[in-house]
Amino acid sequence: MQNISAGGVGLRFLFALILVLTSFNPSGYSYFHWLVNTITTPTPWLALTGIVLIVGWVIYIRASLRSLGPIGLSLAAAVVAVILWVFIDIGIMNIDSPSAFTWVIEIFIAAILCLGMSWSHLRRRMSGQADVDDV
């Protein structure tokens with residue numbers, strides 16, 4: 001069985017953040033913006049990048065669903081929603097700034113994907129229980 005370190009979790013978060021921010025971000029430099037601006041003249045680079053992004057999303061979402069399950073993902077999303085509500089309530093975030101709000105939500109999406117990719121390892125380390133797939 002493979003152990004997980006803080007560096008392993010950090011790399012999972014970094015790759016999740018790259019995946020999320022490359023797919024869409026409010027800066028205007030993302031795959032979404034590239035696709036919208038060049039949809040009438042598709043290129044092989046556009047298609048290749050889209051397929052690579054889809055593969056990345058499938059890997060992260062499938063691992064998260066298998067690790068956390070639908071209930072775990074729903075609970076993680078609920079925790080994020082309440083944290084955002086607290087940030088808005090205490091004045092850390094302003095809902096009138098959609099760009100900043102989008103950046104924060106994207107960071108939280110990457111965190112949930114990272115949690116999904118890391119959860120089986122973390123649960124095994126905390127509880128000593130292995131997943132059926134590990135045996």
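This is a predicted model: local features need pLDDT of at least 70, side-chain atom pairs count only at pLDDT 80 or more; totals for chains, interfaces and linings use all residues.
## Overall fold

Of the 135 residues in the chain, 27% are buried. The chain exposes about 8,900 Å², with carbon and sulfur atoms supplying 72% of that. As for contacts with a separation of 6 or more, 67% come from residues 24 or more positions apart.

## Where α2 meets α3

Helix α2 covers residues 31–38 and helix α3 covers residues 44–89; the two pack at an angle of about 145 degrees, their axes 11 Å apart. Their crossing is left-handed.

On the α2 side, the residues involved are Tyr-31, Trp-34, Leu-35 and Thr-38, and they meet Trp-45, Leu-46, Thr-49, Gly-50 and Leu-53 in α3. Sorted by class, that contact has six nonpolar, three polar and no charged residues.

## The nonpolar cores

The largest nonpolar core has ten residues: Ala-16, Leu-17, Leu-19, Val-20, Tyr-31, Leu-46, Leu-53, Tyr-60, Ala-110 and Leu-113. Helices α1 (6–23), α3 and α4 (98–127) each put in at least two residues, and α1 gives the largest share, with four.

Take Leu-19 as a way in. Leaving aside residues up to four places away in sequence, Leu-19 touches Leu-53, Gly-56, Trp-57 and Tyr-60. A separate core of six residues lies apart from the largest one, and includes Ala-76, Met-93, Phe-108 and Ile-112.

Methods
Residues are numbered from 1 along each chain as its sequence is written. Side-chain values use heavy atoms; hydrogens and water are left out. Buried means under 20% relative accessible area, exposed over 50%, partly exposed in between (1.4 Å probe, protein chains only). Contact means heavy atoms within 4.5 Å. Accessible areas come from the Shrake-Rupley method with a 1.4 Å probe; for residues, only the protein chains shown count as cover. Axes are lines fitted to C-alpha atoms, for helices over the stretch in contact, and angles run from 0 to 180 degrees between N-to-C directions. A crossing is left-handed if the near helix is turned anticlockwise from the far one by less than a right angle, and right-handed if clockwise. Ala, Val, Leu, Ile, Met, Phe, Trp, Tyr, Cys and Pro count as nonpolar, Asp, Glu, Lys and Arg as charged, and the others, Gly among them, as polar. A nonpolar core is a set of buried Ala, Val, Leu, Ile, Met, Phe, Trp, Tyr and Cys residues joined through side-chain atoms within 4.5 Å.
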